[in-house]
Amino acid sequence: MVPPLALDIDGTLTTPTGRIDPRAFELLPAWDAPIVFATGKAFPYPVALAHFLGREETVIAENGGVAYVNGETTVVGDPDAARAVVEAFRERGGEIGWGDGDTVNRWRETEVALSTDADEALLREVAAAVDDVEVVDTGYAYHVKSTGVSKGRALRVVADALGLDPAAFVAVGDSENDVSTFGVAGESYAVANADAAAREAADEVAGKGFMDGTAAVLASLRERAR
Ligand SMILES: O=C(O)COP(=O)(O)O
Ligand SMILES: [Mg+2]
């Protein structure tokens, strides 16, 4: 039996230019165990991915602020604290950096994400003055979120709802927002493009980056299950 998976999206299932790698559509629909899509993106993104892969919509969004399993949504964290930090950042001249429309934050319920073009030093300075709020750099965005919220915590909630031991999961990811997942899953892999925090936390670093790395991990898990 192949193991259940906790898969990060950006940097892990994508190409270096941020598209979903087409191999996701070959490898994931037939995976014969639960897959949890665990992302920093807002709730609709992993739901849509699962939906269009024909998988159960079992997802962790907003770095653990939102979890969805068996039709039930769990929301944790303090969005007001995160929004207050971003408001103070703006008052001091900072810009979120997504331009008009901002679909990145439109459906976000528990945290705020800023472009990597945003003034990181100013953001960190403003956030440091507020209790229980932190800035997480995924390489794709700066996330302003409650400190207690993490993908790993949410994975415990989701695994419990699925009747699985979190340690039964194999996790694959690429950045500091995956470190908590790696701590909860029984086995963890950082893809080769991963940041230092993810590489350090993972049981193994894949020889290849992005979906090349993830596909190799999945192939070896399938091989082992034979
Ligand atoms: O939204 C981000 O910043 C990163 O998303 P990810 O957790 O799927 O890599
Ligand atoms: Mg990622």
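Is Asp 8 buried or exposed? In this model, which is a predicted one, Asp 8 is buried, because 28 other C-beta atoms lie within 10 Å, and I would like to begin my walk through the structure from that residue.

Asp 8 sits in the loop that runs between strand S1 (5–7) and helix H1 (23–27). If we set aside residues up to four places away in sequence, Asp 8 touches Ala 38, Thr 39, Val 172, Gly 173, Asp 174 and Asp 178. In UniProt, an unreviewed entry places the feature "active site" at Asp 8, and for "binding site" the unreviewed entry lists Asp 8 together with Asp 10, Asp 174 and Asp 178. Those four positions are spread over 171 residues of sequence, and yet they cluster in space, with 10.9 Å as the largest C-alpha distance.

Asp 10 belongs to the loop between S1 and H1, and Asp 10 is buried, since 21 other C-beta atoms lie within 10 Å, where the cut-off for buried is 20 or more. Leaving out neighbours within four places in sequence, the contacts of Asp 10 are Thr 39, Thr 138 and Tyr 140.

Next comes the packing. The largest nonpolar core has 44 residues, and those with the most contacts inside it are Ala 6, Val 36, Ile 60, Leu 155, Val 158, Phe 169 and Ala 185. Apart from that core lies another, of 17 residues, which include Val 86, Leu 123, Tyr 142 and Val 144. To take one residue, Leu 155 touches Ala 6, Val 36, Ala 38, Ile 60, Pro 166, Phe 169, Thr 181, Val 184 and Ala 185, when residues up to four places away in sequence are not counted.

Where does Glu 111 lie? Its place is in the loop between helix H3 (79–91) and strand S6 (112–114), and although Glu is a charged residue, Glu 111 is buried, with 30 other C-beta atoms within 10 Å. Beyond its neighbours within four places in sequence, Glu 111 is in contact with Glu 62, Asn 63, Gly 65, Gly 77, Pro 79, Ala 82, His 143, Val 144 and Lys 145. The C-alpha atoms of Glu 111 and Ala 190, which are 79 residues apart along the chain, are separated by 25 Å.

I will finish with two backbone details. Most residues other than glycine have a negative phi. Asp 102, however, has a positive phi, near 45°, and this residue is in the loop between H3 and S6, where Asp 102 is partly exposed, with 14 other C-beta atoms within 10 Å. Asp 132 is not a glycine and has a positive phi of about 60°; Asp 132 is found in the loop between helix H4 (120–128) and strand S7 (133–137), and with 13 C-beta neighbours inside 10 Å it counts as partly exposed.

Technical notes. Residues numbered from 1 in each chain as written. Chains lettered and ligands numbered in written order. Predicted model: local features only at pLDDT ≥ 70, side-chain atom pairs only at ≥ 80, totals over all residues. Core = buried A, V, L, I, M, F, W, Y, C linked by C-beta atoms within 7 Å. Buried ≥ 20, exposed ≤ 12 C-beta atoms within 10 Å, placed from the backbone. Contact = placed C-beta atoms within 7 Å. UniProt positions renumbered as here; feature names shortened; annotations may be inferred. Helix = DSSP H or I, 4+ residues; strand = E, 2+ residues; numbered from the N terminus.
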